[in-house]
Amino acid sequence: MPERKTIAAWLEAVQSQIRWKRARPVLIQELARHLEDQRDDLLEEGKATEEAERLAVEDMGDPVTVGTELDRVHRPRPQWGLLGLTFVLAAIGVVLRVFFRQRYALLTTNDLAALGLGTAAMLGMYFFDVSQLIRHARAVYIAALVLPALLYRFLDYTYHYTYLISLISSLYPLVYALWLYTFWGKGWRGLLLTILGGVPLAAVCAVIPSMSSLSVLLLSGLVVTLYAAGRDWFGVGKRKSVAAVLAVVFGFLAYLLFSGYLNSLFLRVVIALRPELEREHRGYMGWMLQTFWKDVPPLRHISGEAALSVNAGARVFGAGQEMRPIDFSHDFLPASMAVAWGWVPLLVLLAALGVLFLWLLVKGLRQSYLPGRLVVLAVTLTLGLQTLFSAALNFGFVLFSASLPLVVGNFQTVVDMALIGLALSVFRGDSIAREEPAKPLRPRKRLRVKLEYQ
């Protein structure tokens with residue numbers, strides 16, 4: 001039949017010029033729809049079916065020229081700068097961990113393996129089609145809740161269980177952002193279900209328990225929800241959406257306050273602000289760090305005394321007061337940089353992390369692809385909040401434990417690099433991103449496109 005052959009041949013000639021396989025189904029589907037619309041308009045004008053299709057195809061132009069132009073415009077957008085900066089920061093983290101643990105004779109193969117696995121995870125996510133994750137957002141949400149239960153079943157409540165769940169919970173802001181997108185345009189019901197969807201995720205963080213993961217989830221979830229509400233993504237009005245979200249937040253805080261659940265948090269904050277009030281108990285670490293910082297100059301050279309304080313653990317202040325060891329190999333590794341080299345190198349490292357996350361955030365908010373914007377926003381908030389919490393901890397504001405992203409931890413570094421790779425995947429595929437991800441073109445009666453290239 002002429003109609004089938006004409007459209008199919010034209011589309012096949014176009015797609016043969018497009019080298020990016022991920023772009024082919026999206027572009028071919030759009031071209032097919034445009035051809036069909038043109039043909040239908042010509043049919044309404046009284047044209048015969050064969051002639052209407054022929055005119056529609058001729059109006060589109062030479063298929064090779066069209067395909068070549070689409071290939072030029074729709075190519076992967078490389079993100080070498082962000083990839084390189086992420087790798088450099090992760091490599092610096094390995095060097096720091098190895099350097100400050102070398103006197104303990106700890107093996108460094110795990111650190112190098114973490115860098116390799118993290119790089120592989122970052123590249124894997126970078127070349128991953130993020131629309132696949134978005135299509136199955138609710139399945140991802142369910143898996144994020146089921147997996148901790150399965151781990152508990154097989155590992156029981158042990159250190160390994162809590163550590164693995166802590167790693168999984170670091171993905172919860174992303175999971176919540178994907179959950180939010182599934183209710184885009186669903187009105188009040190969608191807004192309510194979005195907020196309720198955060199409750200089970202928060203419950204997992206509370207059961208671990210992990211105050212840092214819970215805080216990151218609650219704060220990032222609030223920002224993402226307000227961001228969506230402020231743009232009326234639920235379709236109930238901007239002011240109404242924002243007011244509803246804030247009402248839920250303040251109502252929940254009021255309930256916790258009058259029920260006494262916030263007393264422990266208030267006590268933590270008071271001790272973090274004035275650790276000398278409870279120097280021998282909860283305030284000891286904060287008091288020690290604040291005393292520690294009084295003796296740290298902007299720059300210094302490593303000396304035997306500094307190496308002793310970092311690697312063997314004791315530091316003497318003032319009137320012969322000897323401080324107990326700090327575990328400089330983990331959450332307090334940034335503080336160990338200060339005692340060895342002064343606080344300027346630490347600030348440079350924190351500034352480099354800030355540049356990376358700000359770079360991600362600015363590019364993410366410029367994305368026209370709505371779900372991609374949510375993904376980047378969730379990733380940036382996760383890593384940015386972790387950085388702020390880690391900096392506060394190391395400068396003496398001890399509220400809860402927090403690890404510096406990309407720098408502290410092995411498995412955590414792998415997770416952090418994977419999250420950044422996923423954000424970069426959004427940038428890489430921005431030229432073909434659509435609000436409703438296009439599915440691969442299916443064979444139709446009036447249109448035949450060979451898909452052997454897939």
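Visitor: Which helix gives the most to the lining of the second largest pocket?

Guide: A pocket is an open set of points on a 1 Å grid over the protein atoms alone, where a 1.4 Å probe fits, with protein on both sides within 12 Å along at least five of seven lines; lining residues have an atom within 4 Å of a point. Here helix 9 gives the most, with eight residues. Helices are DSSP runs (H or I, at least four residues), numbered from the N terminus. This is a predicted model: local features need pLDDT of at least 70, side-chain atom pairs count only at pLDDT 80 or more, and totals for chains, interfaces and linings use all residues. Residues are numbered from 1 along each chain as its sequence is written, and side-chain values use heavy atoms, without hydrogens and water.

Visitor: Which residues lie nearest the centre of the second largest pocket?

Guide: Tyr-163, Ser-166, His-330, Ser-403 and Gln-412 do, out of 34 lining residues.

Visitor: And which helix gives the most to the lining of the largest pocket?

Guide: Helix 12 does, with nine residues. Leu-214, Leu-218, Phe-252, Leu-253 and Leu-256 are the closest to the centre of that pocket, among 31 lining residues. Helix 11 is one of the helices that supply at least two residues of this lining.

Visitor: Which residues of helix 11 are buried?

Guide: Buried means under 20% relative accessible area, with a 1.4 Å probe and protein chains only. Among them are Gly-187, Leu-191, Thr-194 and Cys-205.

Terms used: Buried < 20%, exposed > 50% of the residue type's maximum accessible area, 1.4 Å probe, protein only.
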